[in-house]
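Please read the following note alongside the sequence and the structure.

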Amino acid sequence: MPEQPKQYGVTPPITTLPPTEKEIERNQALIEELKKQNSFESSEETHKRTAVLNILQQLTEKFVKKVCVSKGMPEHIVNKSGGKIFTFGSFRLGVYGPGSDIDTLMVGPAHITRHDFFTILPPMLQELNPPPEDLSMVPDAYVPIIKFELHGIAIDLIFARLPNLSSVPKDMILSDKELLRGCDEINLRCLNGCRVTDEILNLVPKTGVFKMALRAIKMWAKQRAMYGNVIGFPGGVAWAMLVARICQLYPMAVSSVIISKFFKIMGSWAWPQPVLLKGIEDGPLSVKVWNPKIYTSDRNHLMPIITPAYPSMCATHNITKSTKTVLIREMERAQEIVNKIMVGTYTWDKLFERHGFFTNGYRYYLSVVAAAKGKDQQLNWSGHVLSKLRRLVEKLEQIETIKLAHPFNKGFDKVYHCETEEEAMRVAGGESRSVATQDSAKLAETDPNSTNPGNESKEEDDSKIKVYTATYYIGLEINSEISKQIDISWASQEFFDFCKNSNIYDPEQHSIHIHLTRSHELPDNVFEKGDVRPVKQTRKKIIKKKAVAATNGVTVGRKRAADETSVEPDMKRHQPDPIQHQQTAVQA
């Protein structure tokens with residue numbers, strides 16, 4: 001009997017037929033479009049990434065030695081303790097592009113702690129030549145992390161210790177489950193990133209097809225502002241597992257077909273049925289493995305995508321009711337587009353069109369403004385606030401009159417240069433627009449990421465009082481049939497409490513505010529070239545139309561139609577905003 005082909009995944013493939021000529025043509029067009037979209041990095045940039053990783057490896061070894069010496073350990077332990085940098089995510093999967101960050105894991109022996117990582121390593125980073133830029137730490141995140149940029153490469157660095165090992169050699173691999181003995185949950189989460197990435201590559205039939213399809217799906221997700229685990233959308237690993245599952249079901253398909261099937265299958269998936277790349281494994285440790293039959297928290301996962309490495313975890317625990325709704329809507333939209341691409345009606349650029357979150361997304365937005373007096377303080381504070389934003393979304397979803405609370409997946413940074421402490425306090429309180437309007441000569445605002453020389457001169461003007469802000473937006477769909485008044489004061493206050501309940505928070509340095517923003521009030525920095533800004537709606541002029549009765553010539557008045565009498569609530573004279581929220585703020 002002929003040998004049966006290898007089965008990938010928990011179910012047999014849907015088809016093993018080879019691609020047609022038309023599908024191959026569509027696939028070539030996809031590759032060309034990805035090139036046009038600048039999805040691929042030059043070899044020079046890739047060499048720079050390798051050089052940065054070498055620097056991090058050398059720094060890791062010095063860091064481990066320094067900690068050992070500070071703890072008075074014998075010389076032979078100091079010299080043999082080692083330490084190693086691992087990569088995971090897009091870099092490890094081979095789907096990184098220009099501007100992509102590198103997800104890195106620093107692994108140390110048992111005597112190196114996470115406290116050492118957050119207290120001793122940052123000063124050592126600053127001693128590098130040149131030092132890193134935009135260094136920030138989020139030690140109380142679900143996965144504690146240090147973020148920075150080194151030689152123009154963005155780095156996300158996490159840490160794990162191996163409790164049963166006194167040394168970590170350079171040739172160590174993390175596939176052995178026994179290495180996990182004694183690890184706490186944070187260590188397991190940190191180690192799982194690398195282990196999951198390697199497992200994914202081993203569980204797809206054709207890695208080349210998988211990588212090209214994943215590049216396209218990641219580009220689509222980013223263009224549609226649905227990329228980011230911290231905000232409640234799938235992150236890179238979750239998107240990779242979804243694509244890998246489709247590759248398992250169509251092992252002979254080309255990337256264009258994988259993308260077509262991706263939206264058809266995942267857009268109609270029977271959530272919360274989990275997406276699995278292989279069966280959930282038992283292991284040697286008494287640690288939590290994802291199991292909704294046992295754990296209430298696992299039963300509450302709305303779109304569970306389960307990691308293939310032991311111990312299995314849900315990579316999408318952050319997804320909320322609102323982000324799930326947005327994801328399904330976008331997948332349905334994408335399926336319609338790809339169907340037309342595959343028959344030649346559309347081209348691939350249609351799939352990658354930019355989102356309309358600010359241009360035609362919502363009538364009302366919540367602006368969450370995190371402010372600080374210094375750049376370094378702001379990097380840590382804004383990262384902390386962003387990590388808690390999902391909590392606010394979940395609270396808003398509990399309000400009956402809010403249909404949807406859609407968080408945008410990135411923040412917008414500004415630096416304000418104020419003349420007086422009073423102006424600085426007003427900016428920190430989110431009143432930057434009114435300050436600029438009332439006293440534009442005294443207030444200047446700059447984009448900290450701009451290369452405009454004018455910005456640099458303002459940055460160095462020490463006579464000004466600088467206020468650094470990051471603004472995050474949540475688009476709201478309101479159920480006005482229930483009520484036109486929405487009280488979000490309790491949701492705001494609980495969110496404030498979440499943010500302030502951290503060692504990062506300093507009432508003398510940090511502030512946080514939530515403000516209602518109408519679509520036509522959105523600031524310039526959320527729009528890109530070519531965007532059409534929303535405009536303020538004007539009052540509709542009501543005209544009583546008259547009709548002449550043909551039978552007797554008597555003039556009769558017609559009742560006003562619903563659309564003639566209705567006026568947008570926020571445009572009515574003296575009409576209060578439909579959203580009421582507590583103006584509580586932490587003073588900077």
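How many disulfides does a search of the whole structure find?

1. The search finds zero disulfides, a disulfide being a pair of cysteine sulfur atoms within 2.5 Å. This is a predicted model, in which local features need pLDDT of at least 70 and side-chain atom pairs count only at pLDDT 80 or more, while totals for chains, interfaces and linings use all residues. Residues are numbered from 1 along each chain as its sequence is written, and side-chain values use heavy atoms, leaving out hydrogens and water.

2. Cys183 is in no disulfide: the nearest cysteine sulfur belongs to Cys190, 9.6 Å away. With a relative accessible area of 9%, Cys183 is buried (under 20% relative accessible area, with exposed over 50% and partly exposed in between; 1.4 Å probe, protein chains only). Cys68 also counts as buried, at 0% relative accessibility.

3. An open sheet of mixed pairing is formed by five strands in the order 1-2-5-4-3. Strands are DSSP runs (E, at least two residues), numbered from the N terminus, as are helices (H or I, at least four); two strands pair if DSSP finds at least two bridges between them. Strand 1 (84–88) and strand 3 (133–138) each have a single partner strand, so one side of each lacks a neighbour in the sheet.

4. Strand 4 (residues 145–150) and strand 5 (residues 153–161) run antiparallel and are joined by five bridges. Leu150 stands opposite Ile153 in strand 5.
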